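This report looks at aromatic rings and their partners. The structure is shown first.

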Amino acid sequence: MQERKQITKYLLPVALAMILAVSLVLGVLFMRNSLMKLTVEERSNQLEEMVTQIQANLDSGLQTHWNLVAGLNNAVQGTHFKNNQDVSDSIEHLEKDFCTDLYGCRVMLLDEQGTAYLSDGPAGIWYDISHLLDGEKRHTFVSETDNIDGSFLVFTQELDSPLTMGEDNTRFTHIVLLKDIQTVKQYYTTATYGGSAATYIIKKNGTLAYFDADNDDVIGARNIYKALEEVEYVQGRSFDMIREQLDRDGIAAANIMLNQTEYYYCLTALKNYDMTLMLLIPADSVAVSTMNMMDATIRTGIVFVLVMVLMMLLAFISFIRVQRSSQMVKLEQEANRELNHLRMVAETANAAKSTFLNNMSHDIRTPMNAIIGFTNIAMKHHPSPEIKSCLNKISDSSEHLLALINDVLDISRIESGKIKYTPTPVDIAEVTDSVLTIMYGYLSNRDITFQTEIEEPKMRYVLTDAVRVREVLVNILGNAVKFTNDGGTVTYAVSYHPGKDDRYIHVRYQIADTGIGMAEEFVAHIFDEFSQEDHGARTQYKGTGLGMAITKQYVDLMGGTISVESKKGVGSTFTVELPMEITEACEVKKTDHAVGKADLSGLKVLLAEDNDLNAEIAIVQLEELGMKITRAADGEEAVKFFSENLQGTFDLILMDVMMPKMNGYEATKAIRSMQNRPDAVTIPIIAMTANAFAEDVQASLDAGMNGHLSKPIVMDEVVKTIARNIN
């Protein structure tokens, strides 16, 4: 009996450990499958968006040629030709007058018998005359006619009034524009995927009309539709499903295996043309950053499972040894060594997490800069109301995504101790009032009554971290507006109270709303990370669930307190109390707001930026302000441009940090150390980088730069920073 109890005593923890280990492994597998499904969906959506843009370019280009056909039709109305030579001469004149800007175009006239007339004479019965027998006035199709060497995109139009020739009045019924299909390439190719994308133009029956790519055709079949029916599809789809979606929506994308390689393809029907456009891209070229992030997440999950399994194994071994051995001191020392090892593993993992977050910040901010920048540029080109609405939604979503990223990075940096409380002299009344400007932005398009009860301070000048104070208040006020329905009220009250002695005051902020409120059980967890009361609130109001956790951390950093009273369906009241040390007015630095309005036209700027998209955005926005931009593709080229040009060639240098060959820090130090150039020490150098943390700002200053701008760039801040350093 005793032996059975001993066995049961050991089997129970073993069974529990195995169940937990299996659960963790299954959890990682489930997470991987879920991420793979999301990745396939994101890749398909990204490909559909790209193909839609290509389709719009192609439609625009084809419409240009239809406009040309209309002009040719008008130009030949009422013409009577003397003979064949007169027809050829007239066609030659038409080509010179109308086709000079459209390389690769030829003009052809068709008579009633289907005979084709070109600038070099009659060419016999036209090979594709059957396309014109359906009674329609206009036709567009791909032709490989025997009458002319080459493959053409054909635009045919029945003449408004027939033309005649000779004494027998031979009648011409159609005018035809032949566009060499090679020259249409500019409308449907894309360099977005580094040259790995292949473009197919497919006829209505599925046969290949034209193929364009830097590499060989991996499909290698005359009938593309038949080839797509026979390939292996990923995620349980089939070509019949794709054809059904293409007929219904005009666009469809799928994930396939072809020659043991994973690809994505997207089909889009070209409206008003008997053609379909297909884009084929290797899977490893689509959503690369997302795949890298997914792989990193899976690896982190696997490491976590292994560490958990290791910890359970070590715990079980320790349990067995404690039960079987009388040498408790020795076991304790051994356990301590094991725990120290685990602590080192955890510290290493935490350091890896910090490195990952820093890299993620840079890698995400770089494309975010492109998204926000190009959106702002597009908004300045007077888009149509529909496109403007789409651009506004892109802008709002970009700002929301950036806020979510910042929340995740902020909470991690707070936990790692990288964010410190750095009080500086400020006018507390000015800090309190500055929040109102942001609040009025939140209240736009909302029917909410906003009340203020702001006490005038007796001691205006204090030592505090104004940025953190504003973030705390804006976060709470933003939530108050978000969770208050139209017709409700939000109250912002500020009062001042004596501190622990005459050198201190306590500032009390109270923010009350008549919003949805919170249940009593949730109020106790409101400052926990990723806390949100229910899934319905998350769906309706969105967010990471980190806002109040960050707010609590900031209040704690400043030595203050935060409390909340709430009742579901009635509303919530947050109270923040912050201790602040009194200082003198002379210590407070006044902000020079005028620099933001400075005239920077004619300023000669050397821009060091390796990312083509970011460079394009910066050049467009800076040139709109009248600046003259010279771009260097990396730090080494920036140093070369500066050293090889005379003093005064450049008034300012905007320097990216993460660049090949020579990074921004190295390039700055190289310029500052030039002994033969007096302006090497004085020329303003400003960092413009996706490295956005406080230590990154300090690193820029330590390298010899004069300022630091974080991506995504905000042009008002760019102008202020440039003006401040130039002046």
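This is a predicted model: local features need pLDDT of at least 70, side-chain atom pairs count only at pLDDT 80 or more; totals for chains, interfaces and linings use all residues.

## Aromatic pairs

A pair of aromatic rings is described by the distance of the centres and the angle of the planes. Six aromatic pairs are found in the structure, among them the one between Trp66 and Phe155, which is edge-to-face, with 5.4 Å from centre to centre and 90° between the planes. Because Trp66 belongs to helix α1 (residues 2–76) and Phe155 to strand β6 (residues 152–165), this pair ties together parts that lie 89 residues apart in sequence. Trp66 and Phe155 are both buried.

Tyr225 and Phe239 also form an aromatic pair, in this case a tilted one, with 5.6 Å centre to centre and 45° between the planes. Tyr225 lies in helix α4 (residues 224–230) and Phe239 in helix α5 (residues 239–249), so their pairing ties together parts that are 14 residues apart in sequence.

## A ring cluster

Phe81, Tyr117 and Phe172 are linked into a cluster by ring pairs.

## Charges over rings

At Phe642, the residue lying over the face of the ring is Arg677, at 4.3 Å from the ring centre.

Conventions. Residues are numbered from 1 along each chain as its sequence is written. Side-chain values use heavy atoms; hydrogens and water are left out. Rings of Phe, Tyr and Trp (its six-membered ring) pair if their centres lie within 6.5 Å; planes under 30 degrees apart count as stacked, over 60 as edge-to-face and the rest as tilted. Helices (H or I, at least four residues) and strands (E, at least two) are DSSP runs, numbered from the N terminus. Buried means under 20% relative accessible area, exposed over 50%, partly exposed in between (1.4 Å probe, protein chains only). A charge sits over a ring if NZ of Lys or CZ of Arg is within 6 Å of the ring centre and within 35 degrees of the ring normal.
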